[in-house]
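Work through the exercises below with the sequence and the model open. Each task is followed by its solution in steps.

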Amino acid sequence: MNIEQMLSGLNPQQREAVTAPDGPLLILAGAGSGKTRVVTCRIAYLIAEKGVKPWNICAITFTNKAAGEMRDRVNKLVGFGAEAINVATFHSTCVRILRRFIDRIGYQNNFVIYDTDDSKSVVREICKDLSVNTKIYKERTILARISSAKNELVYPDQFPEWAGNDPESVQTAQVYAEYQKRLKRNNALDFDDLIGLTVKLFRVVPEVLAYYQEKFRCLLVDEYQDTNKAQFVLVSLIAHKYHNLCVVGDDDQSIYRFRGADIGNILNFEKIFPEARVIRLEQNYRSTQTILDAANAVIANNQGRKEKSLWTDNGKGGKVILKRFETASQEAYYIVEDIARQKREGNFDYKESAILYRTNAQSRSLEEQLLMENVPYTIIGGVNFYARKEIKDILAYLRTIANGQDDLSVRRIINIPKRGIGETTIARIASYASSTGTSFFDAATQAAVIPGLARGSAKILDFVYFIQKLRRDCAGKDAAGIVKMVVDRTGYVKELEAERTDEALDRIGNIDELISKAAGAAGEDPSGSAGRSVTGLAALNAFLEQVALVADIDSFSDDADRVPLMTLHSAKGLEFDNVYIAGMDEGLFPGYRSISSGDSADMEEERRLCYVGITRAKKRLTLTSAKARMLRGQTEWYRVSRFVDEIPEDLLDDNRVKSPVRRDEAGKTSASFHMLSKAQEERKREHEEFLEKPFYMRSRTKAAAQSAARPAFGVDILKGSAMMGSASLAYGVGDRVHHIKFGDGTVKEIADGKRDKQVTVEFDQYGTKKMLAGFAKLQKI
DNA sequence: AAGTGTTAAATTTTT
DNA sequence: TTTAACACTT
């Protein structure tokens, strides 16, 4: 594409950013301001106008998805030579560097990558071995502290000084040191090591650094607001020679502080690079002005930020819709109904209507409702695909085949499927391994000579031979073929099939997916020499490499017309015509932790998350809230989120009823509310007064919590609106009924549901629908 | 060693 | 509510 043409399609600020001369450049890109476009155009500009060689450009993102998108767009823009540009995530860029040079700092180049689960197992083991009291010092906490130390480039020897000498830190220091030793022994790196050890490599081996300073002469970093200290240092080191560092980000969208992201990196960019040029992109091409105004109003309540204000020349658009419900299921019902209606009326496809929420737990009630109404959906996130048990089992096999040094994987599968190898046997092998200084697998090879294993050694050797045979038989197979072989020969799927449960079927489905992912990865040689398909252990290694660094969001595509459900975090970087943010409740969003932490930085991060959510919407935004919802089995009560109050009223289409008598969504069925006896009314009032105080401010003694939920109305009144209606259904199977939206129909079935009766009606116009009696508002005709 | 049952415990967000 | 860790039984 012609560069003149390309530039003429940009607004002045964008053009300035694209054509800015060499030197540090900070692009403050508000939500929807065409950030990716600017980055890709700049890359094209550098190549075409500045004579920069494609292989001297390195563009770094956080997710594979972002990298993939950037890759596609760069390819289109640059054409010849584009494939030589490094477009990759922080982690995969580091892996590539380490695969090549990590032996310079005493590691092996064929290391494996541990995920958080693996790390946790290692920590658990260490705690056992060092007899750490995990009642006081939780494994999770220890792991979190190790991780944040690594994010700050604090290595084990520096940890005591860094952390202090309170008992917990002393304990953590020991675990950290041992953890690092074991990882090394297992030839493994965790996620944080990928960054941290690359930095170490650069610091310890100057010629390697010098090599990359030359190679990545032009460095571009996306989502810079999410970088942590280690990533900052990494980038600074590489950019130190040429200062050609272009960072793009939005401090208002920094939402990963909890895992070490340091918003200071972007806020202080100009202090660190005094010659930096700063360009603000404030024109938004995504949303309506009303949505932007709402977002601006919310984020304005944050202190530590770069002042900026988004605007658009899109129209004003409709107001932000705000709905308040009694319960989470009513909230879900409304959202699903509304999505269905938008689809019916031809306003928005399912895939254009996204449901966002703060916590994954909230997806449940929404999912139930979507199922009930037969609305297709996809949930993004939750348990990472590669964290699922069955997938981890298969992967452990693959790792064992690829590299017997990874004790964790070997031990994971040594008794899967059951081979009669128990804990004591494993412990014997482990101690033999550590006394002889070999890996667990190598020790197992010697089972015959391990003291105390006389009887069990045959089983061990069977396992060893099994693995060795698998290893030999990899020859000539591609990754998918190898996965298939493992699945077949272990009998993994067969075993699941025998279970005959839904869950087992699910797992089989996941394994099939793994195989097709492997098939998709086939032939893709990560070192670049495309075209030649790889087989055998090389193919296996390539696949394992790919698999280690993927997130769920990476595989999200909007091919199928399904309603996407995801957390606000996952939604960052995406956009939808019609967005619902569910659970706008104080205590849920913002979460009670950030309310009670006393650290305003926590609240500001929540607010940024809210800002991210609002700015996902292009045309229509709905915020919903519920008075009460179930949280781990208990009903908790919420008032409306403060973020809602931060939106000016004139931007809101607000259904919060101001009149004293509340009519809930169920309309007539909630007449039950008005049939309470005087005494009951009184108790309900008392209860509500008590509950004025949100749950997270009440004393948390068990007794108090129980008496709060039980003696007064609590749960009953919640379920009541639905249940009381169903206790006396005015219709039965075979009756003709009328529905306010679907018109007339015949009742086909009435089934007892969890909360309510589920009525199946065959409507004359709209076909068969299943609905909850309490909400359906069916009238006998 | 494997299966069963009990208890406790925990819940943000994920490259 | 759901999950994981632990103890106990067979």
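This is a predicted model: local features need pLDDT of at least 70, side-chain atom pairs count only at pLDDT 80 or more; totals for chains, interfaces and linings use all residues.

**Exercise 1. Determine which strands pair with β12 (residues 563-567), and whether the residues of β12 are buried or exposed.**

Step 1. β10 (residues 353-357) pairs with β12 in the parallel sense over 3 bridges; in this pairing Leu356 is opposite Met566.
Step 2. β11 (residues 377-379) also runs parallel to β12, joined by 3 bridges, with Ile379 opposite Leu565.
Step 3. Val563, Leu565 and Thr567 point one way, while Pro564 and Met566 point the other way.
Step 4. Residues on both sides are buried, which gives 5 of 5 for the strand.

**Exercise 2. Classify the aromatic pairs Phe202 with Tyr212 and Tyr397 with Phe466.**

Step 1. The ring centres of Phe202 and Tyr212 are 5.8 Å apart and their planes are at 45 degrees, so this pair is tilted.
Step 2. Phe202 is in helix α10 (residues 191-204) and Tyr212 in helix α11 (residues 206-215). Both residues are buried.
Step 3. For Tyr397 and Phe466, the centres are 6.3 Å apart and the planes at 85 degrees, an edge-to-face pair.
Step 4. Tyr397 belongs to helix α18 (residues 389-402) and Phe466 to helix α22 (residues 457-473), so the pair ties together parts 69 residues apart in sequence.
Step 5. Buried means under 20% relative accessible area. Tyr397, at 1%, is therefore buried, whereas Phe466, at 21%, counts as partly exposed.

**Exercise 3. Describe the surroundings of Leu514 in the largest nonpolar core.**

Step 1. The core has 52 residues, and Leu514 is among those with the most contacts inside it.
Step 2. Leu514 touches residues including Phe385, Ile394 and Phe543.
Step 3. Another core, of 50 residues, lies apart from this one and includes Phe202 and Leu219.
Step 4. The charged end of Lys517 sits over the ring of Phe385, at 5.0 Å from its centre.

Note on methods: Residues are numbered from 1 along each chain as its sequence is written. Chains are lettered from A and ligands numbered from 1 in the order in which they are written. Side-chain values use heavy atoms; hydrogens and water are left out. Buried means under 20% relative accessible area, exposed over 50%, partly exposed in between (1.4 Å probe, protein chains only). Helices (H or I, at least four residues) and strands (E, at least two) are DSSP runs, numbered from the N terminus. Two strands pair if DSSP finds at least two bridges between them. A nonpolar core is a set of buried Ala, Val, Leu, Ile, Met, Phe, Trp, Tyr and Cys residues joined through side-chain atoms within 4.5 Å. Contact means heavy atoms within 4.5 Å. Rings of Phe, Tyr and Trp (its six-membered ring) pair if their centres lie within 6.5 Å; planes under 30 degrees apart count as stacked, over 60 as edge-to-face and the rest as tilted. A charge sits over a ring if NZ of Lys or CZ of Arg is within 6 Å of the ring centre and within 35 degrees of the ring normal. Lists of a residue's contacts leave out its neighbours within four places in sequence.
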